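Dear colleague,

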Amino acid sequence: MSSHFIRIASYNMRKARGLDQRRRPERTCAVLNTLGADVVVLQEADRRLGPRPPALSREMIAAETDFDVVEVCDNGLSLGWHGNAVLVRKWLSAGDVKRVSLPGLEPRGAVRVGLNVGPGLTLVATHLGLRRRDRRAQLAALTAATADDTHCIIGGDFNEWSVAKGLEPLAARFNTHSPGRSFHARRPIAALDRFAMTPGVILRDAGVEEGPLAKIASDHLPIWSDIEIPPATC
């Protein structure tokens, strides 16, 4: 049996509103198409008010990209849950979707999705809170929610400016890495966007998309990681 290789990306798309203050979902789609990713986790994929309609429609995703939308919302309208959405290439199937409510002062959540990659891969998409005490509690909740997952990746906007503090709840089970500085898109100074991986997931390469379109389409730059999932052992 051989290993499986995929590219996973994370993008805080800022509800498709760029640094020019124009809401252009077609521009967001164009950025997604530059990533070469097999799986993308999105943050701020839905409008914040009212019934939370998607900032990027399913029809546009179907017409302009090669991704399918993993159905994670609970209202039949939004693209994501608490703004967290998951897109997968058409060859990749996803299931066992679970929504995870996260503690904290402001409403936050995560979505947990099973992917048919090798022996199986659990993907968690999240957007953590603004206060460090909340982020620590949220990461503890995600660690507990994935306790039985051998191959697991948590990806998203971790909202943590420090490289030394705030991620302690992950340390026992996850290796956390940032592909580079992703915020602010105009002048990146902070690595807010990260992936956390269990030891069974092997990181092969990683980076930040810094093309001219990505630098204006959102206040975050997309990040990506090439990973290897070894075959199951007997």
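Cys29 counts as buried, at 1% relative accessibility, where buried means under 20% relative accessible area, exposed over 50% and partly exposed in between, with a 1.4 Å probe and protein chains only. Cys152 is likewise classed as buried, at 0% relative accessibility.

This is a predicted model, in which local features need pLDDT of at least 70, side-chain atom pairs count only at pLDDT 80 or more, and totals for chains, interfaces and linings use all residues. Residues are numbered from 1 along each chain as its sequence is written, and side-chain values use heavy atoms, with hydrogens and water left out.

The count of disulfides (pairs of cysteine sulfur atoms within 2.5 Å) is zero. For Cys29, the closest cysteine sulfur belongs to Cys73 and is 18 Å away, too far for a bond.

Six strands form an open sheet with mixed pairing, in the order S3-S4-S2-S1-S12-S11. At its edges stand S3 (67-69) and S11 (202-208); each has a single partner strand, so one side of each lacks a neighbour in the sheet. On average, neighbouring strands are turned by 20° against each other, direction ignored. Strands (E, at least two residues) and helices (H or I, at least four) are DSSP runs, numbered from the N terminus, and two strands pair if DSSP finds at least two bridges between them.

Within this sheet, S2 (residues 39-43) and S4 (residues 85-89) run antiparallel and are joined by four bridges. Val40 stands opposite Leu87 in S4.

Helix H1 (residues 25-34) lies across S1 (4-12), S2, S3 and S4, with contact meaning heavy atoms within 4.5 Å. H1 runs at about 150° to S1; axes are lines fitted to C-alpha atoms, for helices over the stretch in contact, and angles run from 0 to 180 degrees between N-to-C directions.

Yours sincerely
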